[in-house]
Amino acid sequence: MSVNQSGWRPAMGEATGGAQATFTGNRALMLEEALIFEIGSAETTGVDIDEAPKVASRLGNHARKSAIGLPGLSEPEAVRHYTRLSRQNYAIDLGLFPLGSCTMKHNPRLNERMARLPGFADLHPLGPIDTVQGALEVIHQLAHWLVTLTNMDSVAMSPKAGAHGELCGILAIKAALEKRGEGHRKVILVPESAHGTNPATAAFAGFTVKDIPATADGRVDTQALKDRLGPDVAGVMITNPNTCGLFERDLKEISDAVHAAGGYVYCDGANFNAIVGRVRPGDLGVDAMHINLHKTFSTPHGGGGPGSGPVVFSKALTPFAPLPFVEQQDGRFVLVEEETAGEHHADSFGRMVAFHGQMGMFTRALSYILSHGADGLKQVSEDAVLNANYVLRSLEGTLDAPFGSSGPCMHEALFSDANLAQGFSTLDVAKGLIDEGYHPMTVYFPLVVHGAMLVEPTETESKAALDQFIGALKSVGERAKAGDTALKSAPHFAPRRRLDETLAARKPVLAWKEPVAPVAEAAE
Amino acid sequence: MRYLPLTPTDRADMLATIGADSIDALFVDVPESARLDGPVPGLPNHASELAVERHLSALAAKNVAAGSVPFFLGCGAYRHHVPASVDHLIQRGEYLTAYTPYQPEIAQGTLQMLFEFQSQVARMLGCDVANASMYDGSTACWEAVTMARRVTRKVKAVFSGGVHPHYVSVAKTMAKFTGDVLDTTQPWLVAETDDDRLIEKIDADTSCVVVQYPDILGRIPDLQRIADAAHAVKALLIAVVTEPVALGAIEAPGNLGADIVVGEGQSLGVGLQFGGPYVGLFACSEKLVRQMPGRLCGETVDAEGKRGFVLTLSTREQHIRREKATSNICTNSGLCALAFSIHLTLLGEKGLRQLAEVNHAKACAAAERLAQVPGVELVNDSFFNEFTLKLPTEARPVVRELADRGVLAGVSLGRLYPGEDGLANGLVVAVTETVTEEDIEALAAALTEVLA
């Protein structure tokens, strides 16, 4: 069996920029890596399995007849394969990750250790209740923190991620309306600046989505929203702080108007990090809000999940919260499920997911929360907001800040492409930042700002780290304003140059297939 | 506070740069009525790493870890041995602390891994393509039902009685709101799966037939027969796999006519974790791919012609299509997909087949031994690593009593189907490679005592 890198080289075009091409395609520590299908084999395995006892098969006539086609690697090969691949990723551990609305903060390693305690990690979800009391207590304690930090009535812990939490909140609203005999309310109002998941969630639950415009200062047009309220409106989905990084000053007034018109207020809590420990959404009239544990409470993003999206509810929506949930009865923790919901929870809209939610994320989030405490969490939001404002004021002389005069921002600073040179775009700035050693900010979102660049530094960056980032973005911004054409072809120094996304979509290759004929290079 | 780098001097300097005289000035947009004087009342202040570790370790110690006792629970979550290198690799910061790969030039590690994951899953399930993962098996199952509705433009989904009751429950919850019509039933405590009854229910209005393979009682249904019946009325067959290790021993659903195959990938790499996070598997035929939910990674080339990978076909997704998206899913289960993929790469074809063989052989040995316990009957004819016993009495209190004796015996059907008298005596026992002969003896002995 070959070791990983031998026998495989990336197909390469002309070497550019005078760089010397290498035999392997590697450039010193920047290492190319083949697919497992190109380096593994069906006979190789990295796991020694104990001998099976001899028995007569009970598979009936269902035994597999054909090969699966799965390559195997020995342990050294596998460790090398995944280690080499990992080095082609940017990550928080490598540097500032200013992805707006994603809250890429440091992930404390204590939380990883806690989640791996066998008493949590090696626990079956259907284990007898008396054997999982500590796990239920973790859920109960975390729930208490979430409810107290938001000043809400209850929390549904089972949603698997933010969008799943949105669905949870919207289904509770729908159940509440149906209970009131007002199932005819079919319209959910969503501001233009909302995350794409908001309209997608409302539509998934059978609602019609109506857009609400933004004002010139980047906030929801309160008057337009009030004008749209009526007997057909089920509720609003509003993000606070919003996706322009601004606090919705009128949220309480909006909530009161929505309630008066018979609707409910869903708050997208993706940006809770800006206010955690300092402002409680329950004080703003919110009826439901999801909390991304993988943002505010620092459970790792893991390259795109797993997340966790508990939803806090007001008194009005609490009866409709999903099953299961944890309750304390006579000093013992119990799981309230379909069987035990009974009369107390007869209005629950039901189960959203097998089992009880993202336990591994709950343990990490509780570890994070206990570490910070009420005082530390207040400091978190203050430092997050301070860092963002520092970035905003340090860069507004270079990049256009469309809402720079709307007052302070919250946890993220928003810029536009307004003053870049003709032919230069937000994408060029983003790719230029890659060459400077940074992950770009969120680009082209929110949609209400042309060529948006949304920078969320988070509270876990030092002033020195911010100063270097600001310097880098200033430099790239000035180059984009001056029309430096080298920026058009950035990144130059990343493991890959700009990738052809059009080709990927036009001729989708979504799974590896054996090459039809041997490639020329392999024959060398 | 150990996670916050700003010093008081930094904060003062930064406020000066901003031109604000205090932190409070930055929160000026918060209405008076919602401002707090200090930290949120009623909660403790910060704690040291040592103090937090003490607190959580004490809570963990209140639980009975599966590895500490003879353990036989399954029903949608299985305890397998995960090689040490899996957990080491997924904790590399470059995977653990990366985001969704929206900037592909600096996310090739995650993207190539996802491409490999998709390819492994597609092959394992016997389909052309798989997506980059869903939340878990239950939500993947529901997404498949909605996909079948989009493909067939029909709304009636027929569920086999062998589908995990939580999966059915999730679908029922969602269908209340979406208008999908579900035809569901509970299983019967008999050796045969309910293929005949299921086929009878398929009619011209049926969008899809949902069948778990092996089913909740561990039995293996005849997918090809059901597929033929479904296809005769232009309905899709959705196969649900909650134990992917089984596919090392039994035929892949995609090779038996399933149009969409969904699954719970927890068995490989992920661990039990009290129910989550897990990893949903979702695969289908090439012609259905544009109706698929979730993220997809595809191969392409960069500006120098080098192979690379990107997220693709995103016009199906919420961040582009908003209310017209195929699903609202955004964050999926990336790190669990990585764990699954690494474990499967370590196993390879050979290892997976051996693992499946050991699971099946141990389950056969356990079934034979337990069926000798007076009063106990083995329900299944066919099974992989999980089977159902019919006890002479209600299984639920027996499970509790066995737990008191330090044996986690399995999942009682009374827990999964409360109020269904015909199922109350059923006990579902899972036997993986982690179970020893001594464990089986311990269960047999304890069961004999409790039933005596």
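Modeller: Two residues are taken to be in contact if their C-beta atoms, placed from the backbone, lie within 7 Å. The model is predicted, with local features needing pLDDT of at least 70 and side-chain atom pairs counting only at pLDDT 80 or more, while totals for chains, interfaces and linings use all residues. Residues are numbered from 1 along each chain as its sequence is written, and chains are lettered from A and ligands numbered from 1 in the order in which they are written.

Colleague: How many residues of chain B are in contact with chain A, and which helix of chain B gives the most to that side?

Modeller: On the side of chain A, 183 residues take part, and they are in contact with 170 residues of chain B. By class, that side of chain B has 85 nonpolar, 55 polar and 30 charged residues, where Ala, Val, Leu, Ile, Met, Phe, Trp, Tyr, Cys and Pro count as nonpolar, Asp, Glu, Lys and Arg as charged, and the others, Gly among them, as polar. Helices are DSSP runs (H or I, at least four residues), as are strands (E, at least two), numbered from the N terminus. The element of chain B that gives the most to the side touching chain A, with 23 residues, is helix 11 (residues 334-370).

Colleague: Is Glu349(B) buried or exposed?

Modeller: Glu349(B) has its place in helix 11 of chain B, and it touches Ala42(A), Ala67(A), Ile68(A), Leu70(A) and Gly72(A), not counting residues up to four places away in sequence. A residue is buried if 20 or more other C-beta atoms lie within 10 Å of its own, exposed if 12 or fewer, and partly exposed in between, with C-beta atoms placed from the backbone. Because 22 other C-beta atoms lie within 10 Å, Glu349(B) is buried.

Colleague: What separates the C-alpha atoms of Asn385(B) and Val429(B)?

Modeller: Asn385(B) lies in the loop between strand 10 (377-378) and strand 11 (386-390) of chain B, and it is buried, with 30 other C-beta atoms within 10 Å. Among the residues that Asn385(B) touches are Ala430(B), Val431(B) and Thr432(B). Although Asn385(B) and Val429(B) are 44 residues apart along the chain, their C-alpha atoms are separated by 8.4 Å.

Colleague: Why is helix 12 of chain B described as oblique to helix 14 of chain B?

Modeller: Axes are lines fitted to C-alpha atoms, for helices over the stretch in contact, and angles run from 0 to 180 degrees between N-to-C directions; those under 35 degrees count as roughly parallel, over 145 as roughly antiparallel, 65 to 115 as roughly perpendicular and the rest as oblique. The axes of helix 12 (residues 395-404) and helix 14 (residues 437-451) of chain B come within 10 Å and cross at roughly 120°. That angle makes helix 12 of chain B, relative to helix 14 of chain B, oblique.

Colleague: Which residues of helix 12 of chain B make the contact with helix 14 of chain B?

Modeller: By class, this contact has five nonpolar, no polar and one charged residues. From helix 14 of chain B come Ala446(B), Leu447(B) and Val450(B), and from helix 12 of chain B come Val398(B), Glu401(B) and Leu402(B).

Colleague: How many Å apart are the C-alpha centres of domain 1 and domain 2 of chain A?

Modeller: Chain A is divided into domain 1 (111-120 + 131-367) and domain 2 (379-498), with bounds that come from an automatic or database domain assignment. Their contact takes 18 residues from domain 1 of chain A and 19 residues from domain 2 of chain A. The C-alpha centres of the two domains lie apart by 30 Å.
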